[in-house]
Amino acid sequence: MASNSYKNFAYITMILLVVGGLSLFARKEQAPVQERPAEIPTEIGTSTTSVVKEVKPAPAPTYKELINKGHEFYLKGQYAQALPYLKKAVLLEQNDRIYRSLYSVYLGLKDYQNAENAIKKALIADSRIASNWVEYAYFENYYVKAPFDIVSKIYLEGLKNTKDNIDLITGYASYLVENKEYAEAIAYLEKAITINPARTAIFQAEIESLRTKI
């Protein structure tokens, strides 16, 4: 009797183990698959790991901006600070104005070699500007200490290119007086009267004064 009870117990135990194992196996088969977290969308066409934004370079300064900045420093007497802006401007545009500005800056820096080159380039760019001829002659006279014939040649070339501009005539007359060439100075002052009769009284008074020195 005891033997039958034991067999029944063992049989029931085995049934429970089999049922439990099948149940566990079923749970494992039905366990949900863990999904990967959804990626956060970024800009279209970009990676989720890094976003590279294109940085556009700042626009290069224009000729006008460069020359205005150079003049700003020049007016403050800051010639060394003005020079780089004008040198960049001349790479964009070449005209008598930029070369005249470079001349003035180099003169402020006492760089007479570059100043002379700049004023010559201003005349090459436009030989009709009388004030540049006057400045060139003045530079050669007072800074370079050029001889009389060289400075006279500058005035004569200027008169030819500007068609006897009155400022060049009176400037040359003053230079002739400075070098005691009174007769020639009188000739140019008389020419000045024909070009600008409104100033006849002034020119005539100077002529009369010079005649006393001949």
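Predicted model: local features only at pLDDT ≥ 70, side-chain atom pairs only at ≥ 80, totals over all residues.

Biologist: How many helices and strands are in the chain?
Modeller: The chain has 10 helices and 0 strands. Helices (H or I, at least four residues) and strands (E, at least two) are DSSP runs, numbered from the N terminus.

Biologist: And what share of the chain's residues is buried?
Modeller: Buried residues are 30% of the 214 in the chain. Buried means under 20% relative accessible area, exposed over 50%, and partly exposed in between, with a 1.4 Å probe and protein chains only.

Biologist: Back to α2. How far does α2 reach?
Modeller: α2 spans residues 63–75, 13 residues in total. From first C-alpha to last, α2 reaches 18 Å, close to the 18 Å expected at 1.5 Å a residue. The expected span is 1.5 Å times one less than the number of residues.

Biologist: Which residues of α2 are buried?
Modeller: Y63, L66, I67, G70 and F73. They cover an arc of only 125° around the axis, so they sit on the same side of α2. The arc is that of the directions from the helix axis to the C-beta atoms. K64 and L75, on the other side of α2, are exposed.

Biologist: What do the buried residues of α2 pack against?
Modeller: They pack against α3 (79–92) and α4.

Biologist: At what angle do α2 and α3 pack?
Modeller: About 160°, with their axes 8 Å apart. Axes are lines fitted to C-alpha atoms, for helices over the stretch in contact, and angles run from 0 to 180 degrees between N-to-C directions. That angle makes α2 roughly antiparallel to α3. Angles under 35 degrees count as roughly parallel, over 145 as roughly antiparallel, 65 to 115 as roughly perpendicular and the rest as oblique. The α2 residues in the contact include Y63, L66 and I67, and those of α3 include Y85 and L86. Contact means heavy atoms within 4.5 Å.

Biologist: New topic: S101. Where does S101 lie?
Modeller: S101 is in helix α4, residues 96–108. S101 counts as buried because its relative accessibility is 10%. Leaving aside neighbours within four places in sequence, S101 contacts I67, H71 and L86.

Biologist: Now α7. Which of its residues are buried?
Modeller: V151, S152, I154, Y155, G158, L159 and T162. Seen down the axis of α7, they fall within an arc of 155°, so they line one face of the helix.

Biologist: What covers them, and what is on the face turned away?
Modeller: The cover includes α6 (130–142), α8 (166–178) and α9 (182–195). The face turned away carries the exposed residues D149, K153 and K160.

Biologist: What comes just after α7?
Modeller: K163, with a positive phi of about 60°.

Biologist: Last one: how do α5 and α6 pack?
Modeller: α5 (residues 112–125) and α6 pack at about 155°, with axes 10 Å apart. That makes α5 roughly antiparallel to α6. Among the contact residues are Y112 and I119 of α5, and W133 and F139 of α6.

Note on methods: Residues numbered from 1 in each chain as written. Heavy atoms only, no water.
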